[in-house]
Amino acid sequence: MKLYDTPSTEYAFGYHETPRSGNGINGHGEKTKRRASHVFHNATGEKLAWRALDDFFSYINDWQVVRYILANTWQLRRQDGPVARKREPVEDTAAAAAAIKDKARELGAGLVGITLVTEDALFEGHKAPHPNAICIGLPMDREEMTHVPHKRAAIEVMRAYHEVSRIALELAEHIRDLGWPAKAYGNPNSTEILHIPLAIRAGLGELGKHGSMISKEYGSNFRLAAVLTDMPLAFDGPVDHGVEDICLNCRRCVIDCPPDALFDNKQWVRGVERWYVDFDKCLPYFVKTYGCAICIEVCPWSEPGRGPALSETLLAKRKPASRQPNKPS
Ligand code: SF4
Ligand code: SF4
């Protein structure tokens with residue numbers, strides 16, 4: 001994918017008093033495990049260090065983006081609700097998980113997986129209302145997304161959030177109709193959960209050098225939502241489709257990121273060594289360009305139809321090295 005007319009990294013926005021570094025809030029460089037703290041987008045009402053930039057982001061957004069945000073906020077009033085008195089018992093968690101995934105796909109999900117909600121997927125000071133997470137991914141229109149980092153792509157991003165949110169809401173309603181509590185999470189602003197660690201553990205994809213997820217089916221060209229529930233369901237596990245094999249040598253996202261916010265090497269973040277985005281460099285450009293998204297669209301995995309063949313080639317290349325020598329009898 002080729003980029004065109006990429007805006008400069010000079011900013012119209014400036015703080016009177018520079019806020020605390022977002023990298024510090026995120027725990028960049030920390031080798032001890034701790035939970036994440038809210039730093040920018042926030043749907044929980046907390047006053048955040050970078051709030052002024054988030055407000056500025058809202059003011060400059062295109063009316064079509066705002067239209068999707070408002071519609072999503074309105075539909076999310078249904079994220080929780082009454083549970084049917086008669087409960088459908090679950091005797092086979094694998095069969096129940098398969099039925100829930102079928103329902104999610106029937107509602108329009110492109111990706112779906114199930115996992116346990118663990119502490120690393122909860123923001124500091126927040127609790128999960130239910131222990132199990134159904135993670136949902138929805139692909140974006142690739143043609144629209146080739147217009148990153150411009151308004152046309154931003155409109156598609158918010159359309160996708162509105163749609164994936166609708167799927168999560170209807171899935172949660174379906175589960176409540178079966179007699180099990182369920183709450184939908186379809187807000188692109190941070191709530192109490194972190195979608196990426198949940199979705200990785202649920203097998204939707206792997207973390208890429210650009211700090212976003214990469215799925216075999218859609219690369220990074222998708223958006224996430226989730227449903228948390230008490231319904232007993234069989235869990236999925238993390239997948240390995242070869243992302244690491246490419247990311248260790250590829251630099252496409254690093255080269256194309258205008259403010260140089262991506263690292264060549266993994267970084268320590270809250271006790272885990274992983275790919276990380278320099279928040280303080282990325283966010284001003286992200287806001288200036290209505291959500292940027294250059295890094296996820298230039299990634300070779302995001303090229304439509306490329307992922308499955310790429311994964312097959314990468315995994316086949318590994319085979320000789322992983323062959324074990326015959327044991328002496
Ligand atoms: S979203 Fe952030 S990290 Fe990605 S290309 Fe844009 S500025 Fe760089
Ligand atoms: S562009 Fe290359 S390095 Fe960056 S996430 Fe994609 S595969 Fe990994």
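Modeller: Here is a short tour of the sheet, the helices and the ligand shells. Keep in mind that this is a predicted model.

Biologist: Sheet first. In what order do the 4 strands come?

Modeller: The order is β1-β2-β6-β3. The sheet is open, and its pairing is antiparallel.

Biologist: Which strands stand at the edges?

Modeller: Those are β1 (111-116) and β3 (182-185). Each has a single partner strand, so one side of each is left without a neighbour in the sheet. From one strand to the next, the twist averages 20 degrees.

Biologist: And how many bridges join β2 to β6?

Modeller: There are 8 bridges between β2 (residues 132-139) and β6 (residues 222-229), and the two run antiparallel. If you want a spot to look at, Cys135 stands opposite Ala226 in β6.

Biologist: Which strands does helix α6 touch?

Modeller: α6 (residues 151-177) packs on the sheet and touches β2, β3 and β6. Its direction makes about 20 degrees with that of β6.

Biologist: What about α4, which strands does that helix lie across?

Modeller: α4 (residues 93-107) lies across β1 and β2. The helix runs at about 140 degrees to β1.

Biologist: Back to α6. How do the axes of α3 and α6 cross?

Modeller: At roughly 10 degrees, and the axes come within 8 Å; α3 covers residues 63-75. That angle makes α3 roughly parallel to α6. The crossing is left-handed.

Biologist: Which residues meet there?

Modeller: On α3, they include Tyr68, Ile69 and Asn72. On α6, Met158, Tyr161 and Leu169 are among them. By class, the contact of α3 with α6 has 9 nonpolar, 5 polar and 2 charged residues.

Biologist: Switching to ligands. Which residues come nearest to ligand 1?

Modeller: Cys257, Cys282, Cys292, Ile294 and Cys295, out of 13 residues around that ligand. The shell has 12 nonpolar residues, 1 polar and no charged ones.

Biologist: Which helix gives the most to that shell?

Modeller: α10, with 3 residues. Both α10 (279-288) and α11 (294-298) supply at least two.

Biologist: And ligand 2, what surrounds that one?

Modeller: Its surroundings include Cys247, Cys250, Cys253 and Cys299. Lys209, His210, Arg252 and Trp301 are also among the residues there.

Biologist: Which helices each supply at least two residues to the ligand 2 shell?

Modeller: α8 (243-247) and α9 (252-256).

Definitions and conventions. Residues numbered from 1 in each chain as written. Chains lettered and ligands numbered in written order. Predicted model: local features only at pLDDT ≥ 70, side-chain atom pairs only at ≥ 80, totals over all residues. Near = placed C-beta within 6 Å. Nonpolar A, V, L, I, M, F, W, Y, C, P; charged D, E, K, R; others polar. Pairing = 2+ DSSP bridges. Axes fitted to C-alpha atoms, helices over the stretch in contact; angles between N-to-C directions. Contact = placed C-beta atoms within 7 Å. Parallel < 35°, antiparallel > 145°, perpendicular 65-115°, else oblique. Left-handed = near helix turned anticlockwise from the far one by under 90°.
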